[in-house]
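Here are some notes for a colleague who is meeting this structure for the first time.

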Amino acid sequence: GFFTVKLSRAVGPSGEVHAVDINPTSVQKLKERFASEHLVNVKVVQGTADNPGLPSASLDGVLISDTYHEMVEHQAMLRAVRSALNPTGRLVILEKTAPADSGAPRDVQIKIHHIESRLVAQELVDAGFDVVERVEQFATNPAKYGGGVWWLMVAVPTGGDLVGQPNIQME
């Protein structure tokens with residue numbers, strides 16, 4: 001819910017934010033929290049392991065923060081996200097990695113709740129995205145939380161209007 005609250009305020013009353021979780025308990029807690037904070041432009045969605053349950057071809061952006069590594073059905077999820085984006089929509093993934101992850105297989109990395117950007121970049125291409133921005137050291141993860149760094153990646157549907165436009169500005 002951290003980014004959901006910020007995004008809700010950023011898009012204002014004319015915008016809409018979808019908060020997705022696959023855990024029914026988490027979905028209920030999110031509904032209660034957003035209702036208590038009077039965030040009427042937030043829709044809480046019960047997704048599944050392979051589908052976030054988002055409306056088709058309608059979203060300007062999707063943010064996946066510190067959860068991509070948890071997605072066991074990542075290809076199906078990416079395809080569903082792709083179909084939810086409008087033609088100029090963006091997918092932003094924010095994840096953490098550590099030096100020990102370098103070159104390790106995906107299954108090894110996800111056991112420690114990390115994933116290298118190189119793996120995700122290929123998975124995005126396989127799901128029909130073009131990576132248009134990649135920041136390997138977006139932020140540092142404090143040692144008390146396991147160290148390493150956070151990376152950030154922006155992707156658009158292959159053939160989307162943003163392909164080939166370098167240096168997309170993130171606010």
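**Notes on side-chain pairs and the sheet**

1. The count of aromatic pairs in this structure, which is a predicted model, comes to one. The pair is formed by Phe2 and Phe3, whose rings are arranged edge-to-face, with 5.1 Å from centre to centre and 80 degrees between the planes. Phe2 counts as exposed because its relative accessibility, 55%, is over the 50% cut-off, whereas Phe3, with a relative accessible area of 33%, is partly exposed.

2. Turning to charged side chains, the structure holds six salt bridges. One of them joins the side chains of Arg106 and Glu123, with a distance of 2.6 Å from N to O. This pair links distant parts of the chain, since Arg106 belongs to helix H4 (residues 106-111) and Glu123 to helix H5 (residues 117-126), the two being 17 residues apart. Both Arg106 and Glu123 are buried.

3. A salt bridge also connects Arg118 with Glu116, and here the closest N and O atoms are 3.0 Å apart.

4. Another salt bridge is formed between Glu136 and Arg134, whose closest N and O atoms lie 2.7 Å apart. In this case Glu136 is partly exposed, with a relative accessible area of 36%, and Arg134 is partly exposed as well, with a value of 39%.

5. The sheet deserves a separate look, and a reader may wish to trace its strands in order. Four strands make up an open sheet, arranged as E3-E4-E6-E5, and their pairing is mixed. Strand E3 (59-65) and strand E5 (129-140) are found at the edges, where each has a single partner strand, so one side of each is left without a neighbour in the sheet. On average, and with direction ignored, neighbouring strands of this sheet are turned by 15 degrees against each other.

6. Within the sheet, E3 pairs with strand E4 (residues 85-97) in the parallel sense, over six bridges. Ser65 stands opposite Leu94, which is in E4.

7. Finally, which strands does H5 lie across? Helix H5 lies across E4, E5 and strand E6 (149-157), and runs at about 160 degrees to E5. The same helix holds Glu123, the partner of Arg106 in helix H4, so that the salt bridge of point 2 can be followed from here.

Conventions:
Residues numbered from 1 in each chain as written. Predicted model: local features only at pLDDT ≥ 70, side-chain atom pairs only at ≥ 80, totals over all residues. Heavy atoms only, no water. Salt bridge = Lys/Arg side-chain N within 4 Å of Asp/Glu carboxyl O. Buried < 20%, exposed > 50% of the residue type's maximum accessible area, 1.4 Å probe, protein only. Phe/Tyr/Trp six-rings, centres within 6.5 Å; stacked < 30°, edge-to-face > 60°. Pairing = 2+ DSSP bridges. Axes fitted to C-alpha atoms, helices over the stretch in contact; angles between N-to-C directions. Contact = heavy atoms within 4.5 Å.
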